[in-house]
Amino acid sequence: MRRTSRKKRSTLANRAIAASAALILGGGGLVAVNVYASAGEGPSGSPPTRTQNAAGRQMSTIDCPEAVNGLPEVPDEARGEVDRELAAMDTQITDAYRQFADRKEQIARDPGLAENAVLGPLRSKRTASLDRIGIAIGRVGERPAGLESLAGCSLRADDNRPGNGGDNGGGDGGQNEGQGQDGGPGQDPGGQDPGGQDQGQGGDPGQDQGQGGNGPVAADFVDIQSVQPNVDRPRQRRGASRGTFTTDCGRNENGKFNPDNVIVAPGVSNGAHHMHDYIGNQANDAFASDDDLADGATTCRNQGDRSTYYWPVLRLQNGQDERDVDADGGGRDQNVGEIRTPSEVTLKFVGSPVGRVTAMPRFLRIITGDAKAFTNGDANANASWSCTGFEDRRLTDKYPICPEGSQVVRTFAFQNCWDGQNTDSANHRTHVAFAQENGRCPNGFRAVPQLVQRIVYDVPPGPGFAVDSFPEQLHKPITDHGDFINVFDERLMKKMVRCINDGRRCR
């Protein structure tokens, strides 16, 4: 099998789903929206139990429940079909967002247009996909109930946009959970913005919607010098595995990009709807099997590391078009601008602050961060942003504005606990976990080497850059994420584990 069995998320997504939105245009661009708060309700159903009136908020995007989080255990035999339907649902959202973006002004004038032209058709398509998912699972197991409650979507505001009255603070609520010993985002309390100093630092109002017209906005940036130090290194206890293993796989100098995601959407072209940088394994695309990865060439200096490391590209919002301006994942998905090659990439594996680590299984798949955190919420947001010379200050939901001579830094600390059985899971998360606050893995999990990834960019000072994202995620910094598939050979993995457990620094 290409991957071991998936595990279930215990409950259906408990979210308020809006089935309809009524928008009223008032003086000075005032917009009010009434959003149904109960899943599955619509204008033809029973009256909503609660409505929310958000006067003065400009609707900016489409918010849908993450269907994968509502699925029970997916049998191996149904996995391929389910993955394809989940990817199709992402495409449905992308298409609906385009419809919404193209008709924003009309929607503001016509309260019924949002439901008739955007939300209603999207709900119908999602209902059909969810039904097909249920049928696929039901062929080989018990058909899940209640999936239809995940079909409804709503319009939502970008609270960082001026005039929406949102919280422009840079904090992430302490959501980073990793245990990186090397200054990874493990113990960050989150980005902070004292005194609300992020009001469009140096921003050009003409760039307030980004080169692609859907973000980022000036309020998505903050001057790193206004952020207080917020990085706490975990205390190492007796018996900690203090070593490190560093692998050098380059900076994607050869320009390997694609908008696929073989972890989340295997077998689906453009499954990510945004472009990825790849280093390490060069066989990685949507159709790569484990055998393909095992046989693939690698950019890693040590040929025993054929792992694949990938993340959304960073683009300059400088008015320049890239080669993918008319391609999927690029301009067709509203990801535009000049792709910036990192000036430095460091891939370091670190140990546990409380004990020894054990080897990762080959083909273990790990995702850190959440590509849909803007609409999903920050529970899985984990990537952080900083600047060279200021790396004791990290942000999750803001991009940093670095002073002259300082470079932008993205840091990803991957999960460091493994369930001992599976190389993947239904939501690509529950087979791995972060260590708890005391440094120990949750019950049933064992400590493995933790990948801490640091990516540095030389960009012009100011708010003129953004990471690629799903179009409806508006290029928010909180959507940053990284992906890793372990394809170390057995000999090199054993060397890594010995180095870390013996307290040595190895390459």
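Tutor: Quick definition before we start: contact means heavy atoms within 4.5 Å. This is a predicted model, where local features need pLDDT of at least 70, side-chain atom pairs count only at pLDDT 80 or more, and totals for chains, interfaces and linings use all residues. Residues are numbered from 1 along each chain as its sequence is written, and side-chain values use heavy atoms, leaving out hydrogens and water.

Student: OK, what does helix 6 lie across?

Tutor: Helix 6 (residues 490-502) lies across strand 7, strand 13 (344-350) and strand 24, at about 140 degrees to strand 7. Helices (H or I, at least four residues) and strands (E, at least two) are DSSP runs, numbered from the N terminus. Axes are lines fitted to C-alpha atoms, for helices over the stretch in contact, with angles from 0 to 180 degrees between N-to-C directions.

Student: And which way do strand 7 and strand 24 run, parallel or antiparallel?

Tutor: Parallel, joined by 2 bridges. F245 sits opposite C506 in strand 24.

Student: Switching topic: which residues touch the most other members of the largest nonpolar core?

Tutor: Y309, W311, F349, W385, F465, F484 and F488, out of 54 residues. Helix 6 gives the most to this core, with 6 residues. Such a core is a set of buried Ala, Val, Leu, Ile, Met, Phe, Trp, Tyr and Cys residues joined through side-chain atoms within 4.5 Å; buried means under 20% relative accessible area, exposed over 50%, partly exposed in between (1.4 Å probe, protein chains only).

Student: How many disulfides?

Tutor: 5, each a pair of cysteine sulfur atoms within 2.5 Å. One of them joins C64 and C153.

Student: Why is that one right-handed?

Tutor: Because its S-S torsion is about 115 degrees.

Terms used:
Two strands pair if DSSP finds at least two bridges between them.
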